[in-house]
Amino acid sequence: MLVRAVRVGIADDHPITRTALRGYLDDQGDIRVVAEAASGREAIDLVRTQQIDVLLLDLDMPGQSGIDALTMIKAKAEHVAVLVLSGYPEHQYAVPLIRNGASGYLNKACEPSEICTAIRRVAQGGRYITPVVAELLASQVITPTPGGLHEQLSARELQVFLKLAQGCTAGEVAAELSLSAKTVSTYRARLMRKLEARSNSDLTYYALKHRLLD
C-alpha cells in the first residue's frame, strides 16, 4: 500500500537555506517539500493556501518574524505542525515557543537526519523534544524554587530583551524586528518593569547572569 509523503513547507528568508533543505528532504522519499516562504507574512499565507502537514519555521525573517507568525499560524491552521528551525540556542526560545504551539524546536546546527526524524514525528501528531529542550522543560517542572524573572516573558518580549541586552539600540531593534520605534519603547518599558531593571546595562547584566547570551 502506498503511503502519502509528508507535505512540508519551508519558511526561511535565506534562499540558499530553502534550496538546501528542499534538496535534502525531497531525497528522503517519504517527505516532499510543496511550498516555500521568505517571511512570516508569507508563512501565514502559505498555511492558508497550501495543503501541508509540517511547516519548518525560522524565527528571524523580514516583515513579520517567525515568533509572531507562529501564533497566527496556529490560530488559522491548527492542524499544521510547526517545527521551529532556528540559529538561536534552545535555552533562548524553545520553551516559550513550544508553549505557544510549536511542535518542536531544532537548532540549525543539528544533523540533517534529525530534521527528518522530527518531521516524521510531528507529522504523526507528536512532539519532537530534543534532550536539551527536555532538560529545560523538566527544570521548570521539578525545580522547587522559582525560576528567573525572564520566564514570565512572552516570546516577543524575550526577543526584544535579548536584542537590547546584546547592545542594540531601540532603532536597531525596530529595524531588525520590523517594529515601530514606539512599539520597541513600549516593550523596553515593560521589560524594565518585569525584570526589575533600570537601564540597558541592567538588561545585559541580567542576560549574562542567567546565561541567555551566546
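## The chain as a whole

Of the 214 residues in the protein chain, 47% count as buried, where buried means under 20% relative accessible area, exposed over 50% and partly exposed in between, with a 1.4 Å probe and protein chains only. Keep in mind that this is a predicted model, in which local features need pLDDT of at least 70 and side-chain atom pairs count only at pLDDT 80 or more, while totals for chains, interfaces and linings use all residues. Residues are numbered from 1 along each chain as its sequence is written, and side-chain values use heavy atoms, with hydrogens and water left out.

The protein chain has 10 helices and five strands; these are DSSP runs numbered from the N terminus, H or I of at least four residues for helices and E of at least two for strands. Its radius of gyration is 18 Å, close to the 17 Å that the globule rule gives for 214 residues, so the chain is as compact as a globular protein of that length. That radius is taken over C-alpha atoms, and the rule is 2.2 Å times the number of residues to the power 0.38. Along the principal axes, the C-alpha atoms fill a box of roughly 65 × 40 × 30 Å.

## Where α1 meets α5

Helix α1 (residues 15-26) packs against helix α5 (residues 112-123) at an angle of about 70°, with the axes 11 Å apart. Axes here are lines fitted to C-alpha atoms, for helices over the stretch in contact, and angles run from 0 to 180 degrees between N-to-C directions. The two helices are therefore roughly perpendicular to each other, a label for angles of 65 to 115 degrees; under 35 is roughly parallel, over 145 roughly antiparallel and the rest oblique.

On the α1 side, Leu21, Tyr24 and Leu25 make the contact, and on the α5 side Pro112, Ser113, Ile115, Cys116 and Ile119 do. Contact means heavy atoms within 4.5 Å.

## A tucked-in helix

Eight of the 10 residues of helix α4 (residues 90-99) are buried, so this helix is largely enclosed by the rest of the structure. Among the buried ones are Glu90, Tyr93 and Leu97. Just after α4, Gly101 takes a positive phi of about 120°.

## A buried arginine

Buried or exposed: which is Arg156? Arg156 sits in helix α7 (residues 155-165), and at 6% relative accessibility it counts as buried. Leaving out residues up to four places away in sequence, Arg156 touches Ser65, Ile67, Asp68, Leu177, Leu179 and Tyr187.
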